[in-house]
Amino acid sequence: MTELTQRLPDSPFSGWRGRPGEASLAEVNGSVGVRGRSPLRRFLAFVGPGYLVAVGYMDPGNWATSLAGGSQFGYALMAVVALSSLMAMLLQALCARLGVGAGRDLAQACRDAFPKPVAFVLWMLAEAAICATDLAEVIGTAIGLNLLFGIPLEIGVVVTALDVFLVLLLQRVGFRWIEAFVIGLLFVIAACFAVQLAMADPDLGAIIRGLAPTTELVKNPAMLYIALGIVGATVMPHNLYLHSSVVQTRGYERTDAGKREAIRYATTDSTIALVFAFVINASILILAAAAFHANGRTEVAELGEAHTLLGPLLGGAIAATAFGVALLCCGLNSTVTATLAGQVVMEGFLRIRLAPWLRRLITRAIAITPAIAVTLIYGESGTAQLLVLSQVILSLQLPFAVIPLVWFTASRSKMGEFVAPRWMSVAAGVTAAVIVALNMKLLYDFASGL
């Protein structure tokens with residue numbers, strides 16, 4: 001193991017129950033060099049992990065919730081998209097701080113901080129979140145293949161299992177190639193939405209007004225359900241585990257000064273990437289509001305239906321094609337990041353290392369089973385409901401990842417001089433409280449039969 005991936009013993013005054021084990025993603029830990037004296041060149045070496053994280057904020061599950069929100073409520077949920085993005089920026093900044101400052105990813109931190117039974121429950125919840133994420137990717141990618149190439153959904157769902165070979169290839173050629181692949185597809189997605197929005201001609205005034213929160217959000221159970229889906233699709237649990245790991249792929253000096261610089265650059269990288277993700281997320285909702293809600297189509301939540309309607313409503317087949325290309329790119333991108341997140345979670349919680357292809361096939365098999373069943377029984381309409389439900393499941397699981405993250409980074413005994421500033425811990429605590437409160441309101445509405 002290289003000098004960069006070695007672990008030093010914890011201080012006797014450390015607040016961790018367990019001692020650190022092998023470095024997170026040991027095969028690529030510290031593998032990306034940080035060279036040059038220029039601040040710009042050193043910052044550019046840190047560009048990449050933020051975009052891997054940003055992928056999770058625009059996966060196919062997010063499309064379903066944003067399409068449903070935009071078509072049903074117009075621009076009213078723009079405030080939720082903006083607030084979710086701000087939450088994401090704050091929480092991902094804490095992830096970078098934990099990964100660099102404590103030298104642990106979030107899974108390792110949970111393992112080293114909690115008793116084994118608690119850590120086991122958190123592991124099971126994290127695995128459930130990854131399966132829900134993978135389910136959205138399976139359905140989204142299959143729909144993209146169907147829209148562009150006419151491949152039946154049932155076959156498309158099975159074909160998605162083959163993407164394991166894509167991940168293996170990228171991992172073999174180097175971590176920077178994984179990042180380059182992801183960023184390249186992100187720019188394709190952005191270009192596709194630019195074309196669609198130009199054709200949709202949205203109401204700029206309504207967009208700005210939609211950024212102001214409305215009390216209807218907590219009064220209307222249907223709006224709250226979609227809003228929680230957007231939160232679940234934007235602030236995704238597996239991203240918290242992933243980011244705290246991939247920031248450690250940089251070969252920064254494992255000294256106090258080197259860590260401070262790494263935290264600063266990694267936070268800047270993730271913030272810029274999440275601004276980009278916000279633009280994409282907002283574009284999905286704006287497109288649905290301008291193309292569907294404005295034309296009286298208020299019940300569009302199915303990706304296939306949206307693809308079919310875009311051409312006639314916007315007056316050109318190019319809009320529908322761009323929609324399909326962007327969807328397929330999102331599915332492929334999400335595949336890469338979900339694979340890495342699954343590896344981080346299993347290795348971090350259990351110290352069990354599986355071959356990437358085996359780990360990927362296990363999680364993909366778990367996701368494929370319900371997707372095939374729903375597709376065969378209910379068809380495309382059932383997959384749309386399953387997509388939205390998967391995002392709500394993610395939102396319900398989110399507090400079990402957010403609360404430990406906030407607690408760890410606010411603890412001086414665990415973080416030392418890299419403890420989060422008081423204002424950041426307070427803001428993150430408020431964020432966690434809002435997420436828990438919204439989830440309790442949703443559960444109450446379900447229990448009341450609303």
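Is Ser85 buried or exposed?

1. Basis. This is a predicted model, in which local features need pLDDT of at least 70, side-chain atom pairs count only at pLDDT 80 or more, and totals for chains, interfaces and linings use all residues. Residues are numbered from 1 along each chain as its sequence is written, and side-chain values use heavy atoms, with hydrogens and water left out.

2. Ser85. With a relative accessible area of 5%, Ser85 is buried (buried means under 20% relative accessible area, exposed over 50%, partly exposed in between, with a 1.4 Å probe and protein chains only). Ser85 sits in helix H4, residues 78-102 (helices, H or I of at least four residues, and strands, E of at least two, are DSSP runs numbered from the N terminus). Its side chain reaches the backbone oxygen of Val81 at 2.9 Å. Apart from neighbours within four places in sequence, Ser85 is in contact with Thr234 and Phe278 (contact means heavy atoms within 4.5 Å).

3. Chain. The protein chain has 21 helices and two strands. Of its 450 residues, 60% are buried. Among contacts between residues at least 6 apart in sequence, 84% join residues at least 24 apart.

4. H13 against H16. Helix H13 (residues 237-246) packs on helix H16 (residues 317-350) at an angle of about 80°, and the axes are 9 Å apart. The pair is therefore roughly perpendicular. Axes are lines fitted to C-alpha atoms, for helices over the stretch in contact, and angles run from 0 to 180 degrees between N-to-C directions; under 35 degrees counts as roughly parallel, over 145 as roughly antiparallel, 65 to 115 as roughly perpendicular and the rest as oblique. From H13, His238, Tyr241, Leu242 and Ser245 take part, and they meet a set in H16 that includes Thr337, Leu340, Val344 and Phe349. The contact residues comprise eight nonpolar, three polar and no charged (Ala, Val, Leu, Ile, Met, Phe, Trp, Tyr, Cys and Pro count as nonpolar, Asp, Glu, Lys and Arg as charged, and the others, Gly among them, as polar).

5. Ser245. H13 is mostly covered, with 10 of its 10 residues buried. Ser245, in this helix, counts as buried because its relative accessibility is 1%. Leaving out residues up to four places away in sequence, Ser245 touches Ser24, Leu25, Asp105 and Val344. The side chains of Ser245 and Ser24 form a polar contact of 2.5 Å (a pair of N or O atoms within 3.5 Å; within protein, one must be able to donate a hydrogen and the other to accept it, and residues adjacent in sequence count only if both atoms are side-chain atoms). Ser245 and Leu340 are 95 residues apart in sequence, and their C-alpha atoms are 9.3 Å apart.

6. Cysteines. The structure holds zero disulfides (a disulfide is a pair of cysteine sulfur atoms within 2.5 Å). For Cys329, the nearest cysteine sulfur is that of Cys192, 6.3 Å away. Cys329 is buried at 8% relative accessibility, and Cys95 is buried at 0%.

7. Positive phi. Leu25, one of the residues touched by Ser245, is not a glycine but has a positive phi of about 45°. Leu25 lies in the segment before strand E1 (32-33) and is buried, at 2% relative accessible area. Asp201 likewise has a positive phi, near 50°. Asp201 is in the loop between helix H9 (175-200) and helix H10 (204-210), and is exposed, at 64%.
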